[in-house]
Amino acid sequence: MAGRFPPRTPSTRTTVRGGHVPVPGPAAEPPAPDAVDLGLTLGPLRRGPADPTFRTTSDGSVWRASRTPDGPGTLRVAVRAGAVEAEAWGPGAQWLLDGLPRLLGSEDDPAAFVPRHRVLAATHRRRAGLRLTRTGLVMESLIPSILEQKVTTDEAYRAWRLLVRKYGEPAPGPAPEGMHVMPDAPTWVRIPSWEWHRAGVDDKRAATILRAARVARRMEEAAGMEAEQAQQRLELIPGIGPWTSAETIQRSNGAPDAVTVGDLHLPGIVGYALAGDRGADDAAMLELLAPYAGQRHRAARLILLSGRVPPRRAPRMTPGNIAAL
C-alpha cells in the first residue's frame with residue numbers, strides 16, 4: 001500500500017541509485033525478455049522511501065507527481081500482461097502522457113551495451129528489463145542532486161521531503177495521500193533562509209539552488225541538448241560540478257555515458273567489481289570503464305545492481321544537524 005516501504009537502503013548515494021524500487025502487486029507471469037521493469041527504470045527518480053513526488057501502490061502502479069512546462073501533473077503507470085497502462089491528471093497531464101515512451105526508455109538502446117566482464121554479462125542478462133529513463137525535466141532532478149552534495153542520503157532525502165511538502169502543492173487527481181508536486185522556480189527563490197536551515201541545508205547548497213532557480217528556463221533547455229552540452233550548461237552555475245550535472249542528466253536526458261565522477265563510493269565499487277581494487281579513484285574507474293565508452297553510466301548501474309560491492313570497513317558517516325546550531 002502507499003504508506004508501506006521496503007527496508008532502508010544503506011546511506012550511500014551509489015547503492016541507492018544502483019538498486020531498484022520494488023513495485024508490489026499480485027503474482028504475475030514471468031515478464032517477456034523485452035518487457036520494461038518499472039522498478040529498475042523509474043527507481044532512480046525516487047528520492048528516498050518517503051519521497052512525496054513518488055509512490056508505488058499495492059496494485060503494481062508507480063505514481064509520479066511532476067512540474068511540467070504546462071503545470072503540475074500526476075502520472076500513474078503500470079505494466080499488465082506486458083502492456084503499459086497509464087493515466088494522468090492536472091494541467092500537465094497531456095505533457096506527461098506524451099512523454100511516457102521516453103520516460104520508459106523508448107530512446108534507450110540496451111543492445112548497444114556489450115558486456116566485457118563476467119559480472120556485467122550476468123547482471124545484464126538478469127536485469128533485462130532495465131531501461132534508462134528520460135524525463136525531459138531538468139529542475140526536478142537538479143535540485144535534489146544539489147541537496148545530495150557532500151551529505152548522507154538520509155540528510156538529503158529529509159531536506160527534499162520537508163521542502164517539497166511545505167512549499168510544493170498537493171498532486172492533482174486521485175494520487176496517494178501525501179503526494180506533492182515540487183515547488184515552481186519562483187517559490188524556491190522565495191524560501192526564507194531559516195527554512196533552509198530547519199531542513200538541514202547549508203548556505204552553500206541553498207545558494208546553488210537559488211542560482212539555478214533564477215535561471216530555471218535556461219536550465220530546462222538542457223533537456224533537449226546532447227549530454228556533454230547539457231552538462232556544460234548546468235555547470236555554468238557556481239556550485240554545480242561534474243558530479244551534480246551527471247546525476248541530473250542521467251535522469252533528465254537518459255544519458256547512457258554520463259558516468260558519475262567525484263562520488264565517495266562509486267570508484268571503489270567499480271574497481272572492486274571489475275579488478276578487485278576497492279581503493280580505485282576516479283581515474284582508475286574511468287580506465288576500467290573505458291571499454292564501455294558510450295555506455296559507461298549503464299555499466300556503472302549494472303555493477304551496482306550486481307551486488308558485488310566491497311565489504312564495509314568503517315562506520316557510516318554520522319548525519320549532521322545544522323538546524324541545532
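Two rings of Phe, Tyr or Trp (for Trp, the six-membered ring) make a pair if their centres lie within 6.5 Å. Keep that in mind for the exercises below, which all use this predicted model.

**Exercise 1. How are the rings of Trp 63 and Trp 89 arranged, and which strands hold them?**

Start with the whole structure: a search of it turns up four aromatic pairs. Now take Trp 63 and Trp 89: the ring centres are 5.5 Å apart and the planes sit at 10°, so this pair is stacked, as planes under 30 degrees apart count that way. Next, find the two residues in the chain. Trp 63 belongs to strand E2 (residues 62-68) and Trp 89 to strand E4 (residues 83-89), so the pair links distant parts of the chain, 26 residues apart. Last, check accessibility. Trp 63 has 8% relative accessibility and counts as buried, whereas Trp 89, with a relative accessible area of 21%, is partly exposed. The cut-off for buried is under 20%.

**Exercise 2. Which parts of the chain does the pair of Phe 113 and Tyr 292 tie together?**

Geometry goes first: the ring centres of Phe 113 and Tyr 292 are 5.3 Å apart with planes at 15°, so they are stacked. Then look at the loops. Phe 113 sits between helix H4 (100-103) and helix H5 (118-126), and Tyr 292 sits between helix H15 (282-289) and helix H16 (296-306), so the pair ties together parts 179 residues apart in sequence. As for burial, Phe 113 is buried at a relative accessible area of 3%, and Tyr 292 counts as buried at 2% relative accessibility.

**Exercise 3. Are H5 and H16 roughly parallel or roughly perpendicular, and which residues meet?**

Take the axes of H5 and H16: they are 9 Å apart, and the helices pack at an angle of about 85°. An angle of 65 to 115 degrees counts as roughly perpendicular, so that is how H5 and H16 lie to each other. Now list the contacts. From H5 come Val 119, Leu 120, Thr 123, His 124 and Arg 126; they meet Ala 299, Leu 302, Ile 303, Leu 305 and Ser 306 of H16. Sorted by class, the contact of H5 with H16 has six nonpolar, three polar and one charged residues.

**Exercise 4. Where is Ala 50, and is Ala 50 buried or partly exposed?**

Look in the loop between helix H2 (38-42) and strand E1 (54-56); that's the place of Ala 50. With 22% relative accessibility, Ala 50 counts as partly exposed. Finally, bring in Gly 178: it is 128 residues from Ala 50 along the chain, and their C-alpha atoms are separated by 9.4 Å.

Notes
Residues are numbered from 1 along each chain as its sequence is written. This is a predicted model: local features need pLDDT of at least 70, side-chain atom pairs count only at pLDDT 80 or more; totals for chains, interfaces and linings use all residues. Side-chain values use heavy atoms; hydrogens and water are left out. Rings of Phe, Tyr and Trp (its six-membered ring) pair if their centres lie within 6.5 Å; planes under 30 degrees apart count as stacked, over 60 as edge-to-face and the rest as tilted. Helices (H or I, at least four residues) and strands (E, at least two) are DSSP runs, numbered from the N terminus. Buried means under 20% relative accessible area, exposed over 50%, partly exposed in between (1.4 Å probe, protein chains only). Axes are lines fitted to C-alpha atoms, for helices over the stretch in contact, and angles run from 0 to 180 degrees between N-to-C directions. Angles under 35 degrees count as roughly parallel, over 145 as roughly antiparallel, 65 to 115 as roughly perpendicular and the rest as oblique. Contact means heavy atoms within 4.5 Å. Ala, Val, Leu, Ile, Met, Phe, Trp, Tyr, Cys and Pro count as nonpolar, Asp, Glu, Lys and Arg as charged, and the others, Gly among them, as polar.
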